[in-house]
Amino acid sequence: MVPFNAMKRAKKSCGLAVSFVVLVAACHPTEPKQANLPEPEASADPSSSSSSSGSTSSGKTGGGDPLSPPPSGKPVKGEKGEAPVVSTLAEFQEGLRWGMSHADVQKLFTQQGGVIWKDFDERLTKARVGPEQTAIEAEREQAKAAFGRSYIEFKDTPTGYDATGIKGEYTYKNKESLMWVSRAGKKRFFFFINDRLWKVYDEVPLADGGPWGKTYLDAVNQMNAKLGAQGRVLGADAAKGINATTVDYKDNASHMRVVDRSGEKMVAIVLEDNGTLSNLASLRSNKPEDPNAIDPTVAQVTKGGLSDPNAPSGSGSAKPDPKKKPPPKK
């Protein structure tokens, strides 16, 4: 038997303990979960991923994991630090041709029997005639319309893409534009200069069972095996316009980059037209403005140095006349 007084003291102590726990909980409330945000036009900027997962040209990732060569045969390697030349990269264009206008690309995807149309064919064949089929057809029309609305030109006004992972893939005031579509488990951007398609940029999730594996290293090793080449490894270098670890390849028509965006749990597969790349400097004649640059008018005024207009003649601000003899010493 427990004495009554002891039971009373225990009950009082328990009450104090409970009160203390409640007080602590009140002082340290559980952090609320962030509300779901609508999907942005493009994924977030991976500014931190390049430093955490960057690599050097030694052929190793930032974590020290070596890049594996293709499993069979002698891999193709680039010469003198160049990207290796592979037989063809055409399959990654998936029916696209360099130089297509954005209207041509839109037609390829949205016309009857086009890419988006075919995406819904299997679902429609399995759907019951009536409301179910009608709903799928309406979804298809919405997808086609959304692709057309995605077209944007990079003129004078900044866009939301400046805060995403594709920043650096375009410039302003150089007649550049893009479209995008989400399908087949990836998000694809189409880049145009002078309304001519020159680059295709795929954002692909990294995951177990994903098309390019769970990690960036998986993706590169798969690409090496697929192309039978040992890709050139480029570490992040802002001065060279390389924002993240990149492995590249090329054929006679295109250049491919496999870009590390594992900080966002994705990899970017980028295909570019060689002809446009070789002329990119001239095509991008309008350079981005330097926010820290001195105004041209101010630079012209101060070209000869600053001087005080109210200073008396002969002051330290005036330059001595080389023809004038100095006064004799006393």
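On a 1 Å grid over the protein atoms alone, a cavity is a set of points where a 1.4 Å probe fits but cannot get out. Under this rule there is 1 cavity of 30 Å³ or more. Grid points are joined across faces, edges and corners, and a volume is the space filled by probe spheres set on the points. The model is predicted: local features need pLDDT of at least 70 and side-chain atom pairs pLDDT 80 or more, while totals for chains, interfaces and linings use all residues. Residues are numbered from 1 along each chain as its sequence is written, and side-chain values use heavy atoms, with hydrogens and water left out.

**Cavity and pocket**

- The largest cavity holds about 40 Å³ of space.
- Its lining consists of Phe92, Arg188, Val200, Asp202, Met256, Ile269 and Leu271; lining residues have an atom within 4 Å of a point.
- Strand E4 (196-205) and strand E8 (266-273) each give two or more residues to this lining. Strands (E, at least two residues) and helices (H or I, at least four) are DSSP runs, numbered from the N terminus.
- By class, the cavity lining has 5 nonpolar, no polar and 2 charged residues. Ala, Val, Leu, Ile, Met, Phe, Trp, Tyr, Cys and Pro count as nonpolar, Asp, Glu, Lys and Arg as charged, and the others, Gly among them, as polar.
- The second largest pocket holds about 410 Å³. A pocket is an open set of points with protein on both sides within 12 Å along at least five of seven lines.
- This pocket is lined by 14 residues; Asp162, Tyr170, Thr171, Tyr172 and Pro288 lie nearest its centre.
- The pocket lining divides into 4 nonpolar, 4 polar and 6 charged residues.

**Aromatic rings**

- Rings of Phe, Tyr and Trp (its six-membered ring) pair if their centres lie within 6.5 Å; planes under 30 degrees apart count as stacked, over 60 as edge-to-face and the rest as tilted.
- The count comes to 11 aromatic pairs. One of them joins Phe154 and Tyr161 edge-to-face, at 6.3 Å centre to centre and 70° between the planes.
- Phe154 also pairs with Tyr170: the centres are 4.0 Å apart and the planes at 10°, so this pair is stacked.
- Phe154 lies in strand E1 (152-154) and Tyr170 in the loop between E1 and strand E2 (176-183), so the pair ties together parts that are 16 residues apart in sequence.
- Phe154 is buried at 2% relative accessibility, Tyr161 at 0% and Tyr170 at 7%. Buried means under 20% relative accessible area, exposed over 50%, and partly exposed in between (1.4 Å probe, protein chains only).
- One aromatic cluster takes in Phe154, Tyr161, Tyr170, Tyr172, Phe189, Phe191 and Tyr201.

**Charges over rings**

- A charge sits over a ring if NZ of Lys or CZ of Arg is within 6 Å of the ring centre and within 35 degrees of the ring normal.
- Lys187 places its charged end over the ring of Trp180, 4.1 Å from the centre.
- Lys199 lies over the face of Phe191, 4.8 Å from the ring centre.

**Loop residues**

- Most residues other than glycine have a negative phi.
- Ala184 has a positive phi, near 55°. Ala184 lies in the loop between E2 and strand E3 (186-193) and is exposed at 62%.
- Asp195 has a positive phi of about 60°. Asp195 lies in the loop between E3 and E4 and is partly exposed at 28%.
- Ala253 is in the loop between strand E6 (246-250) and strand E7 (254-261), partly exposed at 32%.
- Beyond its neighbours within four places in sequence, Ala253 contacts Trp98, Glu272, Asp273 and Asn274 (heavy atoms within 4.5 Å).
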